[in-house]
Amino acid sequence: MSEIVVVYELDKAVATSSSPGTPSGETRPVRKVHAAPAAPGAPSTTGPRTLCGRDTFAMETARWNPSEHPEASWYPAEYESVVCPECDAVIET
């Protein structure tokens, strides 16, 4: 398989409470972790669609680079519970 890029499908922004004197911020928890083929000639840039066919436009590119961790899974271990099963199945074949 050619180079893949890990991308995060994020939940809608959720306001977080903050301590006194600290402005409140927003967090966007990861809803699903997807894999996308790298754009031709740009191994750190995603192509337009994930391996399961979703649009990557609104997704966030992960800092995790599977080729730098050949002994590990294609996704960061802390997101194992939210890995897209369709993307995972494509990579496993």
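Me: Where is Asn-65 found?
Reply: Asn-65 sits in the loop between strand 6 (60-61) and helix 1 (85-92). Helices (H or I, at least four residues) and strands (E, at least two) are DSSP runs, numbered from the N terminus. This is a predicted model: local features need pLDDT of at least 70, side-chain atom pairs count only at pLDDT 80 or more, and totals for chains, interfaces and linings use all residues. Residues are numbered from 1 along each chain as its sequence is written, and side-chain values use heavy atoms, with hydrogens and water left out.

Me: Why does Asn-65 count as partly exposed?
Reply: Because its relative accessibility is 23%. Buried means under 20% relative accessible area, exposed over 50%, partly exposed in between (1.4 Å probe, protein chains only).

Me: New topic. How many aromatic pairs does a search of the whole structure find?
Reply: The search finds 2. Rings of Phe, Tyr and Trp (its six-membered ring) pair if their centres lie within 6.5 Å; planes under 30 degrees apart count as stacked, over 60 as edge-to-face and the rest as tilted. The rings of Tyr-8 and Tyr-79 have centres 4.9 Å apart and planes at 50 degrees, so that pair is tilted.

Me: Which parts does that pair tie together?
Reply: Tyr-8 is in strand 1 (residues 4-10) and Tyr-79 in the loop between strand 6 and helix 1, so the pair ties together parts 71 residues apart in sequence.

Me: Is Tyr-8 buried or exposed?
Reply: Tyr-8 is buried, at 8% relative accessibility. Tyr-79 is partly exposed, at 24%.
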